[in-house]
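Trainee: Hi! Could you walk me through this protein while I have it open on my screen?
Mentor: Happy to, let's look together.

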Amino acid sequence: AQESRGLGDVYKRQISDIARVYLRLHLADGVGPITLRRLIERFGTPQAVLTASTDRLQAVEGVGPTISRSIREAMHSEQADREIALAAEHGVRIICPEDDEYPPLLKHTPDGPICLYVRGRLQPEDGVSLAVVGSRRPSYYGQEQTRRFAEGLARSGLTIVSGLAYGVDALAHEGALAGGGRTVAVLGNGLCDVYPPEHLALAERIGEAGAVISELPMQTSPDGGNFPRRNRIIAGMALGALIVEGTERSGALITARLANDYNREVFALPGRIDCATSRGPNTLIREGIARLVTCVADILDELGEVGRILSGRPPQDFASRDAATPVRTPDLTANEQRVLASLGIDPMPMEMVVDGTGLSAAETAAALTLLQLKHLVKQLPGNLFVAVQR
């Protein structure tokens with residue numbers, strides 16, 4: 001009984017009850033984010049997925065005998081308990097899309113992770129973040145510009161998201177820390193280890209000033225196939241991505257194209273035409289995928305209202321309005337007006353706001369962030385939003 005109570009305490013510290021259900025599905029062979037989305041659309045809840053019969057499971061697109069059997073086995077498997085205990089040993093928590101800490105933009109990507117393993121803490125302000133990625137072997141120019149941009153963006157209030165890899169990734173994290181800001185490292189391996197191991201000390205610093213995260217089970221090794229999956233998380237949880245240097249087939253270019261697919265902003269630092277690592281960003285600019293930037297202000301300007309507020313230009317003092325005065329909207333963007341109009345006195349989940357506005361999840365999340373900064377919208381526990389009474 002004492003051992004059972006001890007395991008219960010581990011559960012409460014490391015994982016919510018609903019995340020335990022998601023974790024069972026996450027660990028089931030063959031169940032990925034897209035398949036799980038289809039299953040939940042069919043059965044309504046992850047709990048219902050776990051208890052569905054094999055015949056009903058196989059009626060879902062992409063679910064055959066092997067996957068349906070692994071889901072049925074997951075209901076009684078001890079693998080999830082072992083994973084939670086291992087996470088506890090390494091100071092890691094496990095979250096799912098229904099947890100408040102789960103990144104809001106990532107939640108609304110079509111292939112968002114079923115679970116995230118987190119060392120450190122994800123904060124609401126991380127919703128205003130920028131991915132900074134590039135070559136593992138940047139030029140001296142690339143090194144200097146990565147530090148310059150990451151530090152300046154962090155000082156402006158943006159969380160810097162990158163992959164802890166050699167070169168630009170590590171420099172981006174270092175720049176964010178030097179700027180006194182937050183940074184999130186997304187790994188392509190399980191959090192039992194840090195890869196590359198030379199960045200262990202950096203990862204510890206990141207965990208204190210942000211978070212180190214992964215979607216992969218704790219003991220997963222850093223195999224090459226994991227890194228494109230890692231890159232989609234980097235792209236999906238940020239408002240945009242800055243590509244400093246990289247070849248045309250680099251992981252940085254994969255991240256840029258994923259960000260573009262997710263309707264995020266893409267920025268690129270131009271480079272010498274005779275330098276191999278400049279071909280990636282130069283190609284993105286030529287193809288119209290990325291905006292050419294030369295300084296932090298260029299990025300803040302392109303981020304519109306987010307950039308204006310972060311740059312320190314004083315926002316309208318909405319809180320001082322008389323309660324009987326109708327809300328004025330000329331100072332709001334069209335997206336902000338649509339989001340504010342969709343909200344009422346009853347709290348609404350972000351999914352309903354997205355449905356009510358016709359905007360993309362990324363556009364809705366950005367507008368909600370700005371409306372919170374303007375004190376027009378308040379976020380409540382459970383990822384619910386409500387208009388502030390005026």
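Mentor: Let's start with what covers the buried residues of α6: the cover includes α2 (17–27), α3, α4 (46–51) and α5 (54–58). Contact here means heavy atoms within 4.5 Å. This is a predicted model, where local features need pLDDT of at least 70, side-chain atom pairs count only at pLDDT 80 or more, and totals for chains, interfaces and linings use all residues. Residues are numbered from 1 along each chain as its sequence is written, and side-chain values use heavy atoms, with hydrogens and water left out.

Trainee: Okay, which residues in helix α6 are buried?

Mentor: In α6, residues 65–74, the buried ones are Ile67, Ser68, Ser70, Ile71 and Ala74. They share the same side of α6, because they cover an arc of only 160 degrees around the axis. That arc is taken from the directions from the helix axis to the C-beta atoms. Buried means under 20% relative accessible area, exposed over 50%, and partly exposed in between, with a 1.4 Å probe and protein chains only. Helices are DSSP runs (H or I, at least four residues), as are strands (E, at least two), numbered from the N terminus.

Trainee: And what's on the other side of α6?

Mentor: Pro65, Thr66 and Glu73 are there, and they are exposed.

Trainee: New topic: how many aromatic pairs does the structure hold?

Mentor: One. The rings of Tyr195 and Phe227 have centres 6.3 Å apart and planes at 50 degrees, so the pair is tilted. Rings of Phe, Tyr and Trp (its six-membered ring) pair if their centres lie within 6.5 Å; planes under 30 degrees apart count as stacked, over 60 as edge-to-face and the rest as tilted.

Trainee: Where do Tyr195 and Phe227 lie?

Mentor: Tyr195 is in the loop between β5 (183–186) and α11 (200–208), and Phe227 is in helix α12 (residues 226–236), so the pair ties together parts that are 32 residues apart in sequence.

Trainee: Is Phe227 buried or exposed?

Mentor: Phe227 is buried, with a relative accessible area of 16%. Tyr195 is partly exposed, at 36%.

Trainee: Last one: which residues lie nearest the centre of the largest pocket?

Mentor: Tyr22, Arg37, Pro97, Lys107 and Glu351, out of 30 lining residues. A pocket is an open set of points on a 1 Å grid over the protein atoms alone, where a 1.4 Å probe fits, with protein on both sides within 12 Å along at least five of seven lines; lining residues have an atom within 4 Å of a point. The largest share of that lining, five residues, comes from α3.
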